[in-house]
Amino acid sequence: MNSVPADKVEIGQSEQSVVKTFDTLKFRQDAETLWTKMHYLDSNWSRMTPVLPGALLPFHRIVAFYGNLNSKGMGILGEIPPDRMLAKLMEEVNSWQTADTLVKVIPALHLIAVVAQRDPGFDGKYRGRMKRQMIEQVISWADSIGTLVFLDIQVGHSSLKEEIPRLDTFLSLPNVHLGIDAEFAMTGAHIPGTRMGRFEAEDVNFAVQYLEKKVIEKGLPPKILVVHRFKELMIQDAHLIRNPPEVQVLMDMDGWGSKELKFNTWYRYIVKSPVQYTGFKLFYKNDTKSGKPLLTPEEVLTRNPKPLYIQYQ
């Protein structure tokens, strides 16, 4: 057991130290119990990376609103006024908490901080970097409700090695985490959005290593890395992705469509390629184009391993 400084209380004329301890064994046992309950149907997911104190997963489920403040078409985060957006987010959080009382649900704001674009820009990288003021605005909204922020990167013709360090100040904050989107990671002369992009395992591992070093050097709680995926080729050699305890790697199924299509995508590209943790994306508009209702928390929770990150766009 690792101890922290004692609190002192007086008993009669004597002084006695009361030592608050962190029970490492119980912490691991609690994590293992949750892991088993959420992943028991698939033996590929039966082993868990060691969980460090301060880690959010698997003790929490994160429900996030995704988007960009410059566009109403990129997601709910930038689509409606912030007061309405935050109220709607908390409604979704409550719905998920009702659906699964085992795991505490916490809200998050997931901002696309680097946006792929069809215009090459001044440097030919086909991506736009959001201004610092936008990122600070979203962080301030998150701080107002005491929750998390994810900064998402669409590299275009840039790279994670170029883009992640530019967010270093924000990633040094304990409540700010990272997302990376291979869909718009282009090779050759292709323009983002004209074909499917991809990351190699070494690209993802650069992000993992960067966050791992950040956690160690700054003494931060473990970071979460959200990796979007809805096609096999988007993430090359997923089995080679590192998952040190300082970084909780979460594979997010972000394909849209019917219930059957989404569940099939979930099985083919998430369940069959175990990494560490899992997420599931819901689209308010694209998932309901056919006139069918949006999947409910209860329906999503029929999937195993049960997703611990839910993203609404």
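Tyr284 comes out as buried, with a relative accessible area of 19% (buried is under 20%, exposed over 50% and partly exposed in between, using a 1.4 Å probe and protein chains only). Keep in mind that this is a predicted model, where local features need pLDDT of at least 70, side-chain atom pairs count only at pLDDT 80 or more, and totals for chains, interfaces and linings use all residues. Residues are numbered from 1 along each chain as its sequence is written, and side-chain values use heavy atoms, leaving out hydrogens and water.

Searching the whole structure turns up seven aromatic pairs (rings of Phe, Tyr and Trp, the last by its six-membered ring, with centres within 6.5 Å; planes under 30 degrees apart are stacked, over 60 edge-to-face, the rest tilted). In one of them, the ring centres of Phe65 and Tyr284 are 6.1 Å apart with planes at 85 degrees, so this pair is edge-to-face. Phe65 belongs to strand 5 (residues 60-67), while Tyr284 is in the loop between strand 12 (277-282) and helix 9 (297-300), so the contact ties together parts 219 residues apart in sequence (helices are DSSP runs of H or I with at least four residues, strands are E runs of at least two, both numbered from the N terminus). Phe65 itself is buried, at 0% relative accessibility.

## A second ring pair

Phe263 and Phe280 also go edge-to-face, because their centres are 6.2 Å apart and their planes sit at 70 degrees. Phe263 is buried at 12% relative accessible area, and Phe280 is buried at 0%.

## Charges over rings

Phe263 has another neighbour: Arg303 lies over its face, 3.8 Å from the ring centre (the test wants NZ of Lys or CZ of Arg within 6 Å of the centre and within 35 degrees of the ring normal). Likewise, the charged end of Lys281 sits over the ring of Tyr66, 3.8 Å from its centre.

## Strand 11 on the inside

How many residues of strand 11 are buried? Seven of the seven (residues 247-253), so the strand is largely enclosed by the rest of the structure. Val247, Val249, Met251 and Met253 point one way, with Gln248, Leu250 and Asp252 pointing the other.

On to its neighbours. Strand 10 (residues 223-229) pairs with strand 11 in the parallel sense over seven bridges (pairing takes at least two DSSP bridges), and Leu225 has Val249 as its bridge partner. Strand 12 also pairs with strand 11 in the parallel sense, over four bridges, with Leu250 opposite Tyr277.
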